[in-house]
Amino acid sequence: MMRWWIRLAAVVCCQLWVTGVLSAPVDILAQDSQVFMRPSGAADVIYSMTFRDNEGRGYIREVGPFYHPMHINKGWLQAGQKKYEVTFSKFSDSYRAQFSDYKTEAGKIYTLVMHYRVNHRFADSTTRHEGKNVVAVWFNPPRWGLPIAKSVIKLVLPLVLPPEVKRHKDIKPGMVDKLGFIKDEANQAEHSHWAMVYTDHEQERRLTVYAEKKNMAAKGVHLLKCFIPKDAFPVLSSGKDVEASGAAEAERLKSEGFADLTSEAYTIRFTGPGQFSMRSQLTIEEHGRRNFVPIPDAAPDEKVASPYGKAFEGRGPSCEAWFDGETIGCEVGLKALVFSKESRPEQRLEVAYTNQYRLWHSTPRLVECGDTLCLPIHFSAVSQNFGPRLKLRSSSFHLISGQPLAAGTPVDKPLQGDGPWPVFFDAYSPAELELGASRVDWAVLSFKHAVNYPEYSSDSPELTARLLRRKNLEDRAQFAFDMPADPMGLEKGQWNSTKIFARRMVAGHLSQSDKDVAWDHLASFIEFFLITFFLNGPLLLLWLVAVGWVLAIVDKIAGTSTLRDILLPAGKFKFLHPTKGTLLGWTAVIVPFRLIWLFLAGLIIWPIMRLHPVWALKLKDKVPEYVAPEITVATFQSEGRAAELDGAEAAVVMDRPIKAVNLIIMSLQEKEAVKILSRNPLQLQLLDKSLADTKGEKALVDSLNDDGTLPREGIQSVLAALAIEVQEKMWRADRDATLQLQQRKVDERWTALNRLSESKRDNYFNEHYRDLYLHDRFFGQMSQTFAPIGADAPLDSPLNTLGAARSIETVKGQVEQVQDLAEGLVEGIESGAKATVAKLERLFNFDNESIEAMKLESIKNIIGAELSPAIASIAVGYDACHSACHSACHSACHSACHSACHSACACHSACHSACVSSCAGGF
């Protein structure tokens, strides 16, 4: 009964949606983007979005997304003649616009205005226009999830129009072409209105593209694009992020003429353990104009200290500047100190640049100085990269060390004598370096000198040093000293700490820090021994997992008991013992020492002891008791070990000698060592003999006749060489396991081939033919998988070479297709052996005595073993067809050779044809 109410409600809701009663939260009436292209490729944008509010709100949830880096300069909400403040907060790649103490009303129209800078490069290099050095300039405003009735982009280009342009219509096509402007025809066609106008910007009249789109869909993109000369962007950013590349800063920098560096003074002030600042105060005599100077590159050795970043607790670099004594604004950029105003000729510029540094907490550069360890610190003044030093008149370093002197040291005159001083200046004489003292409020510093200096007093003054350079000022100034490691909180290492502690203890100069360290070390040792005592059992288990299996293998091979001696020295479970306990004790701690002793004893100590005649006699191996020998038969074969063989070698092991020879020919053709001229009879052209790598390949190319045919003796040489290669790989292998591996690879290749689509089978076959060719029913598989390949097919791939077929007439008068390059090789063997087979029955008219008589003694001597029946018969030229046919058919069909060949292999009246068409290997 209630279902009709549900249906009625659904219909009413749909109708309300269609008629617009259920309207969007706002209607976007227009958006306008005025885009001022900057020399770096970035853009300054004045963006406005006018909307009719249908609900009333106090914020706009998401404005954007924008390209980044992006910085909002100002923004407001326009309501009639009134402006309301808007605050913007980051929201992913967009911003949330919050109206301050104001809420819009439903039905009224408002405009959101934003002034922002986008340091993203909107100019991309391109060679699209006949190789011209132009860039593609583009812009698209933020997208909205609602339709927009009208969208306008005014792209202000860095192209200055001539003075005769007074009105927009004064801009002529020829004038625009002369400026190098190229429109994008396709992009222009996407707009409902597109025009060339001008905009007055930075005291210049600039060419501007006006582009308008109407009725944009929700999330629609309004893209404007054109092309202008790359020279219009003098500091074009090298990357998309204009800030990261430094181009954003470079476009603000102005410089002309030159300036001389006349004075430099550097103040190094240590403000706490591992912390110090360096202030570079430089005086410059101006001869031109500029609003920046490079960031001074005066710095400490980067191997011992690093500067704090800008955002690190406010410790980033800072700068101050004065023009003729007048303070001006100074900003630290990526590569320059930028002034708030431009200098004039003959002015005196003073710049003070301060950076905060921290010493690396752990450093290997500590050196001994007195009874302590010190860190050598090296400072360098500005280099020639900052400015020429030829007119430098004053150069100095001032160190405020943060290290205390004895209480009562005078602070109104230089220090006299050799100290001892808490900082070491070994590189300078008193004439070069002036040491002094200054009062300091130790409370404002974080040093805790009471633990490092026994004579420290809160009334102790601070050591200072001043280096005044009086000669060779054109060289880059250097200042070096050694700072004690203890008050700097630097890691000294276990060995160094122990050595210094012992030295101070003997001298009676232990500080509170030394005592604290000693107690810490003692507590650590006690803690270590307690833990290892009670965790001895689990630690022994860990040793058993880590090295126990290695010791067990050694014991098994050598008949020793090292595993028991090292991990169970008592020979049995022992609950508690200092050095032999299994559950409680320090047995696990001693394990590494026992392992080291075992290694050294076997490698060094034992051989040295044998050098002494007495010890040599005692250590001499006992003569074993005589045991009557037994005759045993040994083999190097490892059961289950399968040898990795290539195609020809696998063919030999599988008793497919003809296929082995054919695969060698295919390999030589792939290497472009030979070229197959004729498939029937087989005839090769030798191209490059040096490309033959294996023994079989070398034997084949060496055996070719002048006309490119392969004689009987050549077959013998190839198979003998192959037998040697196989023997080298099979001497430890299990023949049955090897055969199973090869057969599995063959079956897997054919299964994978048949699963492929027809378009992919050719490439797969050409890549894996060495395995596919070894299948017992290779040609039957070929006929089921591939379309017939004519006998005249070019020999440009393994597929064509192995699969080419020709028509023959069988004894029953039927026409069959056989692969005839195999026939060419078999006929070559037959002619070499002076045997012609005409009928299938004649194939079996042979006697074993003739086979034995025809085996070549030379081949037997080469390989040092008897050949398999198939290889031996082929190698001596005796009835090759019998060996190939019998082996292949018998292994494939397990039936009488004649019946199998006749019924399965499409043989014809001659045995030769039967072998060729089915079982004789070949291409």
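Among contacts in the chain between residues at least 6 apart in sequence, what share joins residues at least 24 apart? The share is 70%, with contact meaning heavy atoms within 4.5 Å.

Before you start clicking, note that this is a predicted model, in which local features need pLDDT of at least 70 and side-chain atom pairs count only at pLDDT 80 or more, while totals for chains, interfaces and linings use all residues. Residues are numbered from 1 along each chain as its sequence is written, and side-chain values use heavy atoms, with hydrogens and water left out.

**The whole chain.** Of the 923 residues, 45% count as buried; buried means under 20% relative accessible area, exposed over 50%, and partly exposed in between (1.4 Å probe, protein chains only).

**The cores.** Next, select Ile268, Phe270, Phe379, Phe397, Phe425, Phe479 and Phe481. Of the 60 residues in the largest nonpolar core, these touch the most other members. Such a core is a set of buried Ala, Val, Leu, Ile, Met, Phe, Trp, Tyr and Cys residues joined through side-chain atoms within 4.5 Å. A second, separate core has 56 residues, including Ile171 and Tyr198.

**Helix α9.** Now go to residues 536–558, helix α9. A kink of about 55° is centred on Val547; the bend at a residue is the angle between axes fitted to the seven residues ending there and the seven starting there. Val547 is one of the buried residues of α9, as are Gly548 and Leu551.

**Salt bridges.** The whole structure holds 31 salt bridges, each a side-chain nitrogen of Lys or Arg within 4 Å of a carboxyl oxygen of Asp or Glu. Select Lys154 and Asp32, whose closest N and O atoms are 3.2 Å apart. This pair links strand β10 to strand β1, across 122 residues. Then try Asp53 with Arg57, at 3.0 Å between the closest N and O atoms; both residues are buried. Finish this stop with Arg38, Asp44 and Arg117, linked in a network of salt bridges.

**Last stop.** Select Thr785 in helix α19 (residues 778–785). Is Thr785 buried or exposed? Thr785 counts as buried because its relative accessibility is 10%. Leaving out residues up to four places away in sequence, Thr785 touches Trp750, Leu753, Asn754 and Arg761.

Notes:
Helices (H or I, at least four residues) and strands (E, at least two) are DSSP runs, numbered from the N terminus. The expected span of a helix is 1.5 Å times one less than its number of residues.
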